[in-house]
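Hi,

Here is the structure I promised to pass on.

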Amino acid sequence: QVHLVESGGGLVQAGGSLRLSCTASGSIIRANAMGWYRQAPGKQRELVAIITGDFTNYAEFVKGRFTISRNNAGNTVYLQMNSLKPEDTAVYYCRHSGTWGQGTQVTVSS
């Protein structure tokens with residue numbers, strides 16, 4: 001079983017930046033993707049970005065602003081978030097092999 005722990009969330013002004021981290025332990029499958037998702041109150045959980053090897057995929061609403069990366073050991077995934085907007089406010093979750101972390105709150109004020 002894989003265990004995921006997110007960190008790096010917080011309160012930031014619009015236009016600011018945050019860097020989220022997610023560290024995995026346990027039964028990590030390095031060939032499998034690691035991804036970031038987010039969920040705002042009253043909304044469905046939605047994909048933000050996924051990294052699989054050297055390939056990345058981004059939701060349209062974060063392209064050019066967010067960057068996903070993964071360390072060489074494959075156990076930590078990052079999400080660099082720049083030019084943050086109030087609509088980015090949500091709980092951000094990481095996912096690996098069908099397992100979710102507990103989430104980290106990101107709040108962007110106007």
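This is a predicted model: local features need pLDDT of at least 70, side-chain atom pairs count only at pLDDT 80 or more; totals for chains, interfaces and linings use all residues.

Below is what turned up, going from the ground rules to the disulfide, the core, the charged residues and one histidine.

Residues are numbered from 1 along each chain as its sequence is written, and side-chain values use heavy atoms, with hydrogens and water left out.

The whole structure has 1 disulfide (a pair of cysteine sulfur atoms within 2.5 Å). Cys 22 and Cys 94 make it, with sulfurs 1.9 Å apart, and the link is right-handed, at 50 degrees about the S-S bond. It ties together distant parts of the chain: Cys 22 sits in strand β3 (residues 18–26) and Cys 94 in strand β9, 72 residues apart. Strands here are DSSP runs of E, at least two residues long, numbered from the N terminus. Cys 22 counts as buried because its relative accessibility is 0%, and Cys 94 is buried at 0% too (buried is under 20% relative accessible area, exposed over 50%, partly exposed in between, with a 1.4 Å probe and protein chains only).

The largest nonpolar core has 25 residues (buried Ala, Val, Leu, Ile, Met, Phe, Trp, Tyr and Cys joined through side-chain atoms within 4.5 Å). Trp 36, Phe 66 and Tyr 92 are among those with the most contacts inside it. Strand β3 gives the most to this core, with 4 residues.

Now the charges: there are 4 salt bridges (a side-chain nitrogen of Lys or Arg within 4 Å of a carboxyl oxygen of Asp or Glu). Arg 38 pairs with Glu 46 at 3.0 Å and with Asp 88 at 2.9 Å. Asp 88 also meets Arg 65, at 2.8 Å. Arg 65 and Asp 88 are both buried, and shared partners join Arg 38, Glu 46, Arg 65 and Asp 88 into one network. Arg 38 is buried because its relative accessibility is 6%, whereas Glu 46, at 31%, is partly exposed.

Last, His 96 in strand β9 (residues 90–96). What does its side chain reach? The backbone nitrogen of Ile 29, at 3.1 Å, and the backbone oxygen of Ala 33, at 3.0 Å. With 0% relative accessibility, His 96 is buried.

Cheers

Note on methods: A polar contact is a pair of N or O atoms within 3.5 Å; within protein, one must be able to donate a hydrogen and the other to accept it, and residues adjacent in sequence count only if both atoms are side-chain atoms.
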